[in-house]
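I opened a new notebook page for this structure. Below are my entries on what I looked up.

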Protein chains: 2
Amino acid sequence: MEDAAGEPGRCAAVLPAGGCGERLGSSTPKQFCTVLGRPLISHTLEAFERASWIKDIIVVVALESLDLMKAIIHKYGHKRVTLVKGGETRHRSILNGLKVFSENRSDGTANEKPEVVIIHDAVRPFVDEEFLLQVAISAKQHGAAGAIRPLVSTVIASSSDGFLDYSLERAKHRASEMPQAFQYDVIYRSYLQCTDYDLDFGTECLHLALQYSNVKAKLLEGPPDLWKVTYKRDLYAAESVIKESISQQLCIITNVNKDAIEVGFLLHESLKLHFKVKAVSSSMCKTIHHLQNIFHGQCCNFICINVKDSDFEETQNLVDLLQTTNAGISYPLVILSVHSTSEDYSSGINKLIGIRKLAKEAYKSNILVYGLLINIDQDKVQLQQAVCEGTAIITALIKDRNPALVGQIMVA
Amino acid sequence: MEDAAGEPGRCAAVLPAGGCGERLGSSTPKQFCTVLGRPLISHTLEAFERASWIKDIIVVVALESLDLMKAIIHKYGHKRVTLVKGGETRHRSILNGLKVFSENRSDGTANEKPEVVIIHDAVRPFVDEEFLLQVAISAKQHGAAGAIRPLVSTVIASSSDGFLDYSLERAKHRASEMPQAFQYDVIYRSYLQCTDYDLDFGTECLHLALQYSNVKAKLLEGPPDLWKVTYKRDLYAAESVIKESISQQLCIITNVNKDAIEVGFLLHESLKLHFKVKAVSSSMCKTIHHLQNIFHGQCCNFICINVKDSDFEETQNLVDLLQTTNAGISYPLVILSVHSTSEDYSSGINKLIGIRKLAKEAYKSNILVYGLLINIDQDKVQLQQAVCEGTAIITALIKDRNPALVGQIMVA
């Protein structure tokens, strides 16, 4: 990135991830707890990788988590990451992270020194690129910048015997959140000058810049999604937020058969009240590039309208396509294999038993396949009713994304 | 409750519920947002009703929400509630709530003045009776008491131009949460004495007691579940917390038929790794009292092992029993209608189509009925595998509690 006004210059990030997660009530440190099957820290890394102008991502982990972290980086293919061993406290870990730009490693190499360094928590996965850029630019201009949020609770001080001493006026104070960013020289110098007491008991990087470099950080109000995953309920919330965000769009794959077109059309009309829907002809869907282009990125939800009730060809083709590109690596994908039947219920369903085997195979690649049977041999009103129920079932399966139900055949 | 040491004396509660929920990004005030189909405030009222020693519950709502609140109280049968019209601000609403104990209404009546009054937010549904009692007793002893929690973020003050002014040492400060409790005379006197500025811009009741009655509140560290539902993600978290809490126990209803016993036994063994399971003979399950006694309270999840694959008798009986007692009023109940079959898949499933009608009826009473078919005509290893899959399906359906899938027949 050009070093012009309004741009942050060379940028790096340090993510301290050495915490032990005691507040979560779990033996797994929270940054390694899985959300939709993937460790939280991998979600956070993805948010940083989206910002291609961040050239180096330093992840600081406890010695005992080093192998786990290497495995996560390998499995999810994270790029631009340097792993550094953590210190006893958060501040000591951040300092270790900052050192990789100033001290040579044992092999004589060092990471190129950035102009601006962003510091962020591994357990705040929902930071967006725009806000990262805003904080980085502000840091370049003012020396330091940090995210703030309004206080949800009033803050009070207690006396040593556990009684109210005083309360702070809520409107005059803010919660200091992450990300924060600093001119590298400002924050590194501050860390080198600060005391052992700061390193052992301090919690605020902005404070170090103020006290040791006399730099007053610019405070930027961030979006509510910056919150820190601290308690078990935050993991629930994080999972729901991610599920919601990957359940926005839907790709309907259909072919030119008359029945398939009719069911596909009716479903499309009904589903577009709940999703951003794109319809694709199955003949157009031979390469993953085509599918990706449709959404300018990743789509996690697919409806395959199959021609015959006994035929999984469309669904199998899509599974193959998604498997070859490892498309399920980041999030579990959902495929609804929709079959229209004009036979009675049990004959229709009997021919679909094979979907269980297909679903079991697909699940190995994090692809969740469910069956949906719609009887088209009904009058217009009944068919419309079935499409309505089908839409509710599809919406439910996509939102819940539950692996225990793959291979089941729902009936609308 | 006797007015002895260690007991709070006559106790009342005031729940300000006049907020407008702007931080939630929703047009519905957050206390009226539904969680598992029920308004958040009804969940909170339930928590207070459990504490029978709280004699009066004053709910303060905005004028425009009065009818809605009346409807909620009627629908969920809330007891001991007095509705009061809110003021412009939180403090003015609390004052209106406190007045019902000191000022006669237009009809000349007043609520009996309590010794201790608990103040709590309508949007903190997870307060437990034990902590309420602890706060009330402490208030009786010290005049005032309030819940605190450690700070998750460092608190800072900003200068008027948006730069860091100073940061507070996190370890020396606490977040002031709810519930709080006061000797009634202390808090009412404080409210009567405080200024318009306090009433319009203040946020902290403990502060009023300190400033105007010179009472230093005792601070009690509360559990993390006291958190305040503020953002949309908090609604997600609240829903997950409730779902988890009502998915702990499971009642298996079976009869003495040999096949039913075998499947019931195998499922019991497998399910008890995930739930607290009680098994009941269907002959014992003729009254709701029996079912309630089994769990010393409400059970929200049932497995009915049906004798024949074509027979819903056990399931229908249970639905009838739960409907007559309106058992689904508080939370959606789940019934898994389990059918063992020795026929081929499609004949087995064909006989079960009738479950869709039963499920549709039951859903009107907030009872979610799902079908599960287990083929028992298999060798021991295959049967064990089917029971394993059945357990995963049951667990998933109970945890998700998804209404769109009622009446569907899953196959293990």
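Rings of Phe, Tyr and Trp (its six-membered ring) pair if their centres lie within 6.5 Å; planes under 30 degrees apart count as stacked, over 60 as edge-to-face and the rest as tilted. This is a predicted model, where local features need pLDDT of at least 70, side-chain atom pairs count only at pLDDT 80 or more, and totals for chains, interfaces and linings use all residues. Residues are numbered from 1 along each chain as its sequence is written, chains are lettered from A and ligands numbered from 1 in the order written, and side-chain values use heavy atoms, without hydrogens and water.

Aromatic rings. I found that Phe101(A), Tyr184(A) and Tyr188(A) make up one aromatic cluster. In one of them, Phe126(B) and Trp227(B) have ring centres 5.5 Å apart and planes at 15°, so I logged the pair as stacked. Both Phe126(B) and Trp227(B) are buried (under 20% relative accessible area; exposed is over 50%, partly exposed in between; 1.4 Å probe, protein chains only).

Charges over rings. I looked for NZ of Lys or CZ of Arg within 6 Å of a ring centre and within 35 degrees of the ring normal. Lys218(A) lies over the face of Phe163(B), 4.8 Å from the ring centre. Lys218(B) has its charged end over the ring of Phe163(A), at 4.9 Å from the centre.

For Cys205(A), the nearest cysteine sulfur is that of Cys194(A), 9.8 Å away. Cys205(A) is buried, at 0% relative accessible area.

Terms used:
A disulfide is a pair of cysteine sulfur atoms within 2.5 Å.
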